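Hello,

I am passing a structure on to you with this email, and I would ask you to keep it open beside the notes that follow. Please look it over once before you read on.

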Amino acid sequence: MKPNIGIADNHLQGIAKLLNILLADEFTLYAKTRNYHWNVTGASFSEMHKFFESQYEELDEIMDEVAERVRMLGHYSLGSLSAFSKNTRLTEGQDDDNSKKMIQNLLDDHETIIRMCRNDINTLNDKYKDAGNADFVTSIMKSHEKMAWMLRSYLE
């Protein structure tokens with residue numbers, strides 16, 4: 001059954017597409033963070049291992065919220081690795097064994113998502129007239145701003 005929430009069907013489709021792209025970005029960053037959690041080494045192993053875990057757990061919650069939001073709009077969420085790979089705006093990157101490089105890579109991705117969210121918020125407000133999803137993406141952007149700040153703090 002289609003939702004009757006005051007948004008035209010073609011706009012719902014565009015909003016769902018935008019959110020699915022965000023979902024692909026979140027999954028890509030989640031996978032990279034999880035990879036670093038598994039593979040970090042060095043004197044700060046224990047601290048970084050736990051830190052990366054806290055970050056990927058937060059990303060897991062964000063992914064679930066984004067996927068459920070797409071479903072609320074009456075569309076299907078992406079759910080395969082190939083779909084995520086085709087739709088992400090991030091690069092998977094390469095394996096690193098240097099924790100500073102890991103942190104920098106994650107910081108770069110969070111900042112990319114923040115910039116993309118700012119653009120998406122404008123699109124949601126201006127093109128789709130959807131204040132609800134604009135607010136939703138704003139809350140995601142704020143989460144990434146906090147995670148970026150924490151990563152940046154390790155590099156100062």
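**Aromatic pairs**

Y30 is buried, with a relative accessible area of 15%, and please keep in mind that this value, like every other one here, comes from a predicted model. Its helix, α1, also holds F27, which sits 3 residues away from Y30, or about one turn of the helix. F27 is partly exposed, because its relative accessible area is 21%, while a residue counts as buried when that value is under 20%.

The structure holds 6 aromatic pairs. In the pair made by F27 and Y30, the ring centres are 6.2 Å apart and the planes stand at 35°, so the pair counts as tilted. Ring pairs also join F27 and Y30 with Y56 and F84 in a cluster.

A further pair is that of Y36 and F52, whose ring centres lie 6.2 Å apart with the planes at 50°, so this pair is tilted. Because Y36 belongs to helix α1 and F52 to helix α2 (residues 45-72), the pair ties together parts that are 16 residues apart in sequence. Y36 is buried, with a relative accessible area of 1%, and F52 is buried as well, with a value of 0%.

Another ring, that of Y76, has R71 lying over its face, at 4.4 Å from the ring centre.

**The largest pocket**

The largest pocket holds about 330 Å³ of space. Its lining is made up of 16 residues, and F27, T28, A31, K32 and E92 are those that lie nearest its centre. Helix α1 (9-39) and helix α3 (81-87) each supply at least two residues of this lining, and α1 gives the most, with 8 residues. By type, the lining divides into 6 nonpolar, 6 polar and 4 charged residues.

**A buried residue and an exposed one**

V137 lies in helix α5 and is buried, with a relative accessible area of 0%. Leaving aside its neighbours within four places in sequence, V137 is in contact with L19, L22, C117, D120, I121 and L124. From V137 to I121 the C-alpha distance is 6.4 Å, although the two are 16 residues apart in sequence.

K129, by contrast, is exposed, with a relative accessible area of 64%, and its place is in the loop between α4 (99-126) and α5 (131-155). Most residues other than glycine have a negative phi. The phi of K129, however, is near 50°, a positive value in a residue that is not glycine.

With best wishes

Technical notes: Residues are numbered from 1 along each chain as its sequence is written. This is a predicted model: local features need pLDDT of at least 70, side-chain atom pairs count only at pLDDT 80 or more; totals for chains, interfaces and linings use all residues. Side-chain values use heavy atoms; hydrogens and water are left out. Helices (H or I, at least four residues) and strands (E, at least two) are DSSP runs, numbered from the N terminus. Buried means under 20% relative accessible area, exposed over 50%, partly exposed in between (1.4 Å probe, protein chains only). On a 1 Å grid over the protein atoms alone, a cavity is a set of points where a 1.4 Å probe fits but cannot get out, and a pocket is an open set with protein on both sides within 12 Å along at least five of seven lines; lining residues have an atom within 4 Å of a point. Grid points are joined across faces, edges and corners, and a volume is the space filled by probe spheres set on the points. Ala, Val, Leu, Ile, Met, Phe, Trp, Tyr, Cys and Pro count as nonpolar, Asp, Glu, Lys and Arg as charged, and the others, Gly among them, as polar. Contact means heavy atoms within 4.5 Å. Rings of Phe, Tyr and Trp (its six-membered ring) pair if their centres lie within 6.5 Å; planes under 30 degrees apart count as stacked, over 60 as edge-to-face and the rest as tilted. A charge sits over a ring if NZ of Lys or CZ of Arg is within 6 Å of the ring centre and within 35 degrees of the ring normal.
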